[in-house]
Amino acid sequence: MDVILDVSHLTMDFGGLRALDDVSLTIERGEIMALIGPNGAGKTTFFNCITGIYTPTAGDIVIRKPDGGKRERINGLKPNQVTERGMARTFQNIRLFPNMTVLENVMIGRHCRTHAGIAGAILRDPRTRREEQDVVDHSYAILEKIGLADHVNDLAKNLPYGAQRRLEIARALATEPFLLLLDEPAAGMNPIETQELDELITRIRDEEHISILLIEHDMKLVMSLSDRITVMDYGKKIAEGTPSEIRNNPVVIKAYLGEDIDA
Amino acid sequence: MRFWSEVKQSVLVAVWFMFLTFPILVIRVNPIEKLVVWRWRNLLWIGIGAFVLSFLWRALLRRKERGKPATSTETAWKTDWVSWIAASPGRYIPALGVVGLIAVLFPIVMSPYQTNIMITALMYVVLGLGLNIVVGLAGLLDLGYVAFYAVGAYSYALLNHHFALGFWTVLPLAALLAACFGVLLGFPVLRLRGDYLAIVTLGFGEIIRLILENWNEFSFGPSGISGIARPGFFGVSMTLNQAIVYLYYLMIGLTLFTIFVVNRLQNSRIGRAWIALREDEIACQAMGVDKTKTKLTAFALGATWAGMVGVIFAAKTTFINPASFTFLESAMILSIVVLGGMGSIVGVIVAAFILILLPEYLRAFSEYRMLIFGMIMVLMMVFRPQGIVATVRKAYQFKRRTL
């Protein structure tokens with residue numbers, strides 16, 4: 001199998017606090033990997049490190065685009081440069097552009113794949129117009145796939161909660177990623193919405209051939225969706241394996257349920 | 001029931017105001033004749049006035065509360081008169097025609113004095129539209145916008161004074177120079193947002209003004225520069241009145257050009273990036289927008305307009321000194337943007353006319369001018385915080401594909 005993301009010995013210190021301690025992780029092409037762990041385990045910090053929001057203290061993050069891309073170390077790149085290289089993310093607390101329309105939200109995702117400059121914007125030459133039309137069409141196609149085509153011209157802030165979560169995924173897809181990073185996509189969703197999300201994520205993997213790394217607390221979703229699971233606790237990786245291995249791993253059970261005092 | 005409780009509240013307000021103003025408005029001590037005059041009638045007027053105003057205030061607030069659900073479900077503010085006019089060509093073409101006709105005929109019908117006022121108003125329209133890029137679209141609160149205006153004015157004044165460069169040569173030069181200053185200001189404030197950014201830009205505006213005031217060898221200090229050439233027209237010599245009319249049409253041209261460019265920018269790839277940056281900086285970056293580049297273009301493109309208007313200002317007054325570029329100017333331009341509605345072109349135009357023309361035509365009550373000005377601002381912010389004309393995002397039409 002192709003390794004598309006190879007994180008080795010990642011460490012992140014905030015002053016005296018070690019939020020990530022020597023975490024290594026690889027993701028293979030076409031895989032859905034889940035990152036789980038108790039609150040404060042460092043999962044979101046891990047996301048922020050690999051997407052360029054934080055610069056890690058130590059360790060390497062290496063990506064390799066599928067279909068013969070070359071290996072590239074992406075430590076210290078800015079978030080927009082990471083996105084340009086093909087890793088797009090969503091946020092734990094929804095971060096849409098509330099006063100833009102749903103379509104425009106997705107169109108922002110196309111920003112790094114288009115080139116029109118100031119002169120193009122003012123003159124509206126044929127090339128800019130064509131590019132603009134492509135952006136609109138592409139964005140609309142994504143919204144159709146995600147099932148938000150009825151809301152194109154609504155403001156993002158007026159969408160129901162579940163739809164906002166899906167719009168975040170649509171926006172990330174517009175950047176044409178090879179790896180999609182979802183930070184608690186099912187948080188706050190009801191069982192039906194979670195079920196739909198499960199199908200959506202599987203469809204993205206199967207139809208768009210995008211690999212997925214997700215942080216999630218909903219164990220039912222994690223167990224049914226993921227190919228492999230990585231478990232973190234106190235900034236360290238404590239286990240990795242298939243859902244059934246993780247379910248029966250005593251270390252994981254201890255991390256979640258706490259240690260028995262008598263033991 | 002509701003009515004009586006409102007009346008009770010208003011009576012309380014009236015009593016409170018009567019108590020507060022009692023020492024100033026009722027008692028008058030005449031120290032020479034050692035007399036105390038009790039003006040009870042004033043107390044009565046204060047009481048009635050406070051009661052009526054308070055009652056009205058409550059009624060308006062209640063109306064606003066009731067109006068709320070209707071407007072928030074309607075995403076596109078369809079109740080707006082501007083949207084109503086813009087909705088169909090049958091409405092906006094005649095409206096534009098009337099506005100155009102007034103604009104063309106204005107200097108012919110009106111006196112040069114009125115034309116001069118109109119030029120000033122148009123200058124503020126362009127300044128407002130320029131600042132609208134920075135504040136309204138990109139969401140970067142800039143309190144030092146006047147600095148770029150000063151850069152434009154002084155670049156024309158100095159180049160004209162030292163090298164006798166003409167208006168038309170300097171206009172693009174000043175625009176470019178102002179854009180450079182925009183980038184210069186942009187670099188140090190890239191990491192700042194909100195209040196911090198406001199303070200730094202405020203400082204920047206003051207720095208520019210203080211340099212102009214104190215660097216005598218460069219800018220001739222507080223005495224300013226006089227005898228700046230008016231804009232030329234292929235070497236035709238003009239009387240003062242003709243020059244004013246010429247400048248008026250020039251300003252109309254610049255205004256149209258600004259509207260055209262800003263309108264195209266805000267619905268472009270860059271314009272969308274600005275708005276996204278305003279809405280959520282982290283998400284914007286995570287979606288692949290280069291924050292540095294986007295912020296700097298906003299600062300540069302915003303400053304460009306101030307630079308050009310600065311040149312026109314210098315050419316119009318033929319004399320400039322640093323006193324024209326105080327913080328009050330920045331505050332005025334910012335008020336135009338906020339009052340008009342952040343990011344809305346029509347709103348900024350309307351607000352610029354209101355804020356510039358109102359004080360001019362209220363000269364009769366010149367003592368109360370600023371009072372009225374302040375009251376309008378307070379009322380607007382309470383009852384219509386989105387501005388005179390709220391922005392409407394562009395809607396796209398799609399054919400439903402059969403799935």
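Chain A splits into two domains, with domain 1 covering 1-86 + 177-263 and domain 2 covering 97-176; the bounds come from an automatic or database domain assignment. This is a predicted model, where local features need pLDDT of at least 70, side-chain atom pairs count only at pLDDT 80 or more, and totals for chains, interfaces and linings use all residues. Residues are numbered from 1 along each chain as its sequence is written, while chains are lettered from A and ligands numbered from 1 in the order in which they are written.

Taken over C-alpha atoms, the centres of domain 1 and domain 2 of chain A sit 27 Å apart. Where these domains meet, 10 residues of domain 1 of chain A are in contact with nine residues of domain 2 of chain A, contact being C-beta atoms, placed from the backbone, within 7 Å. By class, the domain 1 side has five nonpolar, three polar and two charged residues, with Ala, Val, Leu, Ile, Met, Phe, Trp, Tyr, Cys and Pro counted as nonpolar, Asp, Glu, Lys and Arg as charged, and the others, Gly among them, as polar.

Turning to the chain pair, 37 residues of chain A are in contact with 29 residues of chain B. On the chain A side, H2, H3 (102-109), H4 (118-123) and H5 (126-146) each supply at least two residues. The chain A side divides into 17 nonpolar, 11 polar and nine charged residues.

Key
Contact = placed C-beta atoms within 7 Å. Helix = DSSP H or I, 4+ residues; strand = E, 2+ residues; numbered from the N terminus.
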